[in-house]
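Here is a short tour of one protein model, written for someone meeting it for the first time. Have a look at the picture, then read on.

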Amino acid sequence: MATDAIKDVPAARLFPLFLVCLASIAYEISLTRFFAIASWSEYGYWVISMTMAGLAASGVAASLFSRLLIRSLPILVPLLPILMLLAASLGWVWVTVVPFNPLELQNKQLWYDQLLNIAQYYAAIFPFFFMVGLYVSSYFVLYHYRVGRVYAFDLAGAGLGAALLLALMFLVH
């Protein structure tokens with residue numbers, strides 16, 4: 001086995017991925033809590049659906065446009081976290097002002113407007129999770145020779161983000 005073929009990825013290069021994954025799971029849990037409180041607990045599952053839609057779409061885009069993704073990595077990797085911050089902030093504000101009323105879904109005359117409100121939720125949250133997925137995909141492309149190490153930072157960030165946010169929920173109502 002040639003030692004020059006095995007390259008290591010310094011932890012400092014993977015730390016931004018760790019932070020993005022930490023923030024993304026914390027954002028997802030915060031949104032789930034908001035939906036459960038503001039729109040009845042039955043609607044908290046939407047956040048998982050919106051998250052998975054964004055992540056899946058980014059994976060499809062990364063696959064379909066892999067050459068463009070590879071060429072764009074020097075720009076995307078530093079730019080995406082800034083855009084994610086903006087998308088998360090705007091998405092949060094948008095979600096809080098959507099006039100969704102779950103009781104109107106039961107009324108034949110009022111349910112259509114509520115479907116439009118649900119579409120607004122997807123439009124507000126989708127961009128952030130699309131960018132998160134694109135960012136994670138970028139790291140897997142950049143460090144394809146150490147996928148296990150990249151995945152470890154991804155999972156560690158998400159795990160710590162979930163643990164920290166859940167701990168904060170006991171301190172802040």
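A word on naming before the tour: helices (H or I, at least four residues) and strands (E, at least two) are DSSP runs, numbered from the N terminus. Arg149 sits in helix H5. This is a predicted model, where local features need pLDDT of at least 70, side-chain atom pairs count only at pLDDT 80 or more, and totals for chains, interfaces and linings use all residues. Residues are numbered from 1 along each chain as its sequence is written, and side-chain values use heavy atoms, with hydrogens and water left out.

**Helix H5**

Helix H5 runs over residues 147–171, 25 residues in total.

Which residues of H5 are buried (under 20% relative accessible area, with exposed meaning over 50% and partly exposed in between, using a 1.4 Å probe and protein chains only)? They are Val150, Phe153, Asp154, Gly157, Gly161, Ala162 and Leu165. Their cover includes helix H1 (11–38) and helix H4 (111–142).

A salt bridge here is a side-chain nitrogen of Lys or Arg within 4 Å of a carboxyl oxygen of Asp or Glu. By that rule, the count is 2, and here they are:

| Pair | N to O distance |
|---|---|
| Asp8 and Arg146 | 2.9 Å |
| Asp8 and Arg149 | 3.8 Å |

Asp8 lies in the segment before H1 and Arg149 in helix H5, 141 residues apart, so this pair links distant parts of the chain. Together, Asp8, Arg146 and Arg149 make up a network of salt bridges.

Contact means heavy atoms within 4.5 Å. Leaving aside neighbours within four places in sequence, Arg149 is in contact with Asp8, Val9, Pro10, Ala11 and Leu14. Thr51 is another story: its C-alpha atom is 24 Å from that of Arg149, and the two are 98 residues apart along the chain.

Over to another helix. Ile82 is found in helix H3 (residues 66–97) and is exposed, with a relative accessible area of 58%.

Key: Expected span 1.5 Å × (residues − 1).
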